[in-house]
Amino acid sequence: MITGETGTGKELVARGLHYGGGLANKPFIAINCSTFSDELFASELFGYKKGAFTDAKNDKEGLLSSVNGGTIFLDEIDSLSLKSQAALLRVLQESEFRPIGSNEVLKTNVRFIAAANCDLELKIEHHDFRQDLYFRLFILSIKVPALRDRKEDIALLVEHFIEKLNSQYGLNKKGASDRLMSWFYSHYWPGNIRELENSVHRYYLLANGELLDTSETPEANFDFPPSALPRYIHDKPKYNGSYENNIINESDLNSDIQDSDLIFSSAKRLAIERFEAKFVSRLLVLTNGNVTKAASLCGKERRAFGKLVKKYHIKSNEIHLY
């Protein structure tokens, strides 16, 4: 079982386990469980006999036969229905299966590697994931850390992506500027390695010289030093259920909520509105009223950020720090 946030490279870990081990000369198949209905998952895994259902014109060999001796990687396994989970559990327990429409029970010797980017224990509590399948999968487990927790990898990854793009486009970019690398190191990377790769690709396409730089894109092209950024932006902590705790302290909250606000729903709405208005104003101060830069800085779409500006009637000539 491989766990980790989206974009951390769980499939690459699975491929590394396969091709770096004794099964390297055997088949490796990766499937995304979120794309399969119960019927399609069963037919792909087990195969079927001609006439088993309306569209079964011929026999079809399932993955348990075609990948026999190799590895099947089940990405987003939490997307499987309870019915499909039960079918998979039997294969894991008995190492046998029966093609759809057949009475013959076949043996299989397949290594399963599964991946999920959610909290499976929470899924179990909500009765969306089988506990017995969970224990079967977690015989061995690997947790892939988020990119923000291994920033020493960023330089190597950027170099790798540039080399890959040089081969793809037939160019010879030398690397990234110090300014761009500084932004790479300070960014929170909610999309992890996938987001980093896409960012390098974007800067690569926009680069005029041999170095990738920030001059053509808004998100890193700011004139103020990192120390001017709110801690929320410059050094985001691990998500603990609310980023607002990193901006609004207890004294701020107490001063905002008056005796007339003590109905919970009203107090909550007022606190959110006051937070949003202050936060939007701070960002616009930092970006000299540039809505595009402010939206990019806090990780929101420009349109969504613009709605907040309009909602609180914030005008560029009226911006002030709270």
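**Close-up views of a predicted chain**

Buried residues, those under 20% relative accessible area, make up 39% of the 322 residues in the protein chain. Exposed means over 50%, and partly exposed lies in between (1.4 Å probe, protein chains only). This is a predicted model: local features need pLDDT of at least 70, side-chain atom pairs count only at pLDDT 80 or more, and totals for chains, interfaces and linings use all residues. Residues are numbered from 1 along each chain as its sequence is written, and side-chain values use heavy atoms, with hydrogens and water left out.

**Figure 1. The whole chain.** The protein chain has 14 helices and 11 strands. These are DSSP runs numbered from the N terminus: helices are H or I with at least four residues, strands are E with at least two. Contact means heavy atoms within 4.5 Å. Among contacts in the chain with a separation of 6 or more, 67% come from residues 24 or more positions apart. The accessible surface is about 18700 Å², and carbon and sulfur atoms hold 49% of it. Areas come from the Shrake-Rupley method with a 1.4 Å probe; for residues, only the protein chains shown count as cover.

**Figure 2. Strand 5 and its two partners.** Strand 5 spans residues 71–75, and five of its five residues are buried. Both faces are covered. Thr 71, Phe 73 and Asp 75 lie on one side; Ile 72 and Leu 74 lie on the other. Strands pair if DSSP finds at least two bridges between them. Strand 2 (residues 28–32) runs parallel to strand 5, joined by five bridges. In that pairing, Asn 32 has Asp 75 as its bridge partner. Strand 8 (residues 111–116) also runs parallel to strand 5, through four bridges. Here Leu 74 is partnered by Ala 114.

**Figure 3. Helix 4 and its cover.** Helix 4 covers residues 82–94. Its 13 residues should span 18 Å at 1.5 Å a residue, and its end C-alpha atoms are 18 Å apart, which agrees. The expected span is 1.5 Å times one less than the number of residues. Ser 84, Gln 85, Leu 88, Leu 89, Val 91 and Leu 92 are buried in this helix. After helix 4 comes Ser 95, with a positive phi near 55 degrees.

**Figure 4. Salt bridges.** The structure holds 10 salt bridges. Each is a side-chain nitrogen of Lys or Arg within 4 Å of a carboxyl oxygen of Asp or Glu. Asp 153 and Arg 150 meet at 3.3 Å, N to O. Asp 153 is partly exposed, at 22% relative accessibility, whereas Arg 150 is buried, at 15%. Glu 276 and Lys 311 form another salt bridge, at 3.6 Å, N to O. Glu 276 lies in helix 12 (residues 264–286) and Lys 311 in helix 14 (residues 302–311), so the pair ties together parts that are 35 residues apart in sequence. Lys 311 is partly exposed, with 45% relative accessibility. Elsewhere, salt bridges that share partners join Arg 90, Glu 96 and Lys 107 into one network. Within it, the closest N and O atoms of Arg 90 and Glu 96 are 3.6 Å apart. Arg 90 is partly exposed, at 47%.
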